[in-house]
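Please look over the chain shown here before reading the briefing.

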Amino acid sequence: MTIEFQLDRTAVEPVYRQITEQLKHYIREHELPPHTPLPPINQLTEAAGASMRTVDLALNQLIREGVCYRRPKKGTFVSAPETAPVRRKQLCGLYVADSAMERFTRDNFDISMYRSMTAAARSGRMDIILLSGDLEENIGFDAGRGDLAFAGIILLETDGLERVGAMALKYPEIRWVCANYRYEGFDDTPDNVVGIFNDDFGGAYRIADYYFARGCRNPAVISLELADSNYRRRIDGFRAAARDHGVILSESRVVAATPEDAVNQFDYGASRAERLLALPTPPDLLLCCNDSLALGATRYLEHANCSDRVRVTGYDNRDFNRPLNFSTVAVDFNAIGSRAFALALDPKPAVKFYTVSPELIIRGIQDDSGN
C-alpha cells in the first residue's frame, strides 16, 4: 500500500488535519475492507515528510472519528462500518498527580472543588472520571476506543507544566484546564490550555490593606515554598499593600520553608511566630499564607499571652471544626470547581485564564471603632 500525500504547509489547516483527510480519502477511494492495516507509522512519516508526532496526531484523529481502530503493538486498522460509532460518549477527566492523590482524598479544598465539578457534570449529563498515574497512558487508552472521547481534562494538581504542554500539543482537540494551582510558565502553554484560579494577589492585598488602614505598621509573613506560584502571589499582594501604605516589609521579616522542612504546618507556624516576636522590633501583624500556619501562630501567641498585641491573618478559610480567632481570606473553591468544568467544555474561551475573587472574613480583636 503506497499513499502519496499532497500537503500545503502554508495553509491555515494544520498539517496533521491534512494528513487525516487524505488518509480518509484514500480509504474511501480504494474501498479498503474492514480490518485492513494502514502502513506502519514510520512509512507514513516518510511518505508525508512530516514528524512522527504529526502523523500520530493524524492517526489518533482517525480513531476518534471511528474511521480506524488501534491494536497495541499491532498497528492501526480500518474500522468495520457496523462498529464505527455514530455517537461517541463525551467525558470530562479530572487529573490528580500521584504525589497529590493522598491529600486529595482528605483535603477539604480539593473535595469542595471535586463535588462542585461532579454536580455540574450531573446537571450537564456528562460523566467525569478521576485520572491519576501516567497522564499520556490514561488519555491514550481512551483515545484508542471508538466509543469514548474526552471533551476536556481538568488538572487539579500536576507535577509541572512541561508534560501538560506536550500533551496539549498532542491532543489539540481536548481542552486542558488548570484549576486553582497556578504554575510558573502557564502563560506560555498552548492555546488549548486555560485556567481558573483564585485571585491570590488580590485577596492578600485586601486583608493586608485592612490592617494597615487600622494602624498596623510592623508586619511579618509566614509562608511555604511550593511548586506552584499561589503563595508567591500572596506574598506579592502583602508587599504591594505595604508599599501603598508606606509600610516596610523587609526580606528578613518574610520566612518560608519547604513542605519537607515544615511537615507539621501548625508547629512551623508556632515556631516562626516565636522567632519573629523575638526580633528587636517585633511584628504587630503576622500575615500567614494559609490557615494552618495562622492557627499555629495563634496558638503560640495565646501561650505567650500576647494575643492582644499581635494580629494574625490566614488564607483559604479551612474548616478546622473549632472556633478560630484570626482573620482569613475565604477562597470560593466551589466556584473554581464548577467554572473549571464549564471551561473544559468551552471550545473557544474568550481569555487564557479567569480568576475568582475571594472574600475577607474578619475575626478576633478589632480596632476600637469595631470595624
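In counting charges, Lys and Arg are taken as positive and Asp and Glu as negative, while His and the chain ends are left out. On that basis the chain has 43 positive and 51 negative charges, and their mean positions are 2 Å apart. The model is a predicted one.

**Overall form**
- The chain contains 12 helices and 14 strands.
- Its C-alpha trace spans about 85 × 40 × 35 Å along the principal axes.
- The radius of gyration is 26 Å, whereas a compact globule of 371 residues would have one near 21 Å.

**Burial and contacts**
- Of the 371 residues, 51% count as buried.
- Among contacts between residues at least 6 apart in sequence, 72% join residues at least 24 apart.

**Aromatic rings**
- The structure holds 7 aromatic pairs.
- The pair of Phe186 and Phe197 is edge-to-face, because the ring planes stand at 85°, with the centres 5.2 Å apart.
- Phe186 lies in the loop between strands E6 and E7 and Phe197 lies in strand E7, so this pair ties together parts 11 residues apart in sequence.
- Phe186 counts as buried at 2% relative accessibility, and Phe197 is also buried at 2%.
- Phe197 forms a tilted pair with Phe353, at 6.1 Å centre to centre and 50° between the planes.
- That pair links distant parts of the chain, since Phe353 is in strand E13, 156 residues from Phe197.
- Phe353 is partly exposed, at 29% relative accessibility.
- Phe186, Phe197 and Phe353 form one aromatic cluster.

Methods:
Residues numbered from 1 in each chain as written. Predicted model: local features only at pLDDT ≥ 70, side-chain atom pairs only at ≥ 80, totals over all residues. Heavy atoms only, no water. Helix = DSSP H or I, 4+ residues; strand = E, 2+ residues; numbered from the N terminus. Rg over C-alpha atoms; globule rule 2.2 N^0.38 Å. Buried < 20%, exposed > 50% of the residue type's maximum accessible area, 1.4 Å probe, protein only. Contact = heavy atoms within 4.5 Å. Charge placed at Lys NZ, Arg CZ, Asp CG, Glu CD. Phe/Tyr/Trp six-rings, centres within 6.5 Å; stacked < 30°, edge-to-face > 60°.
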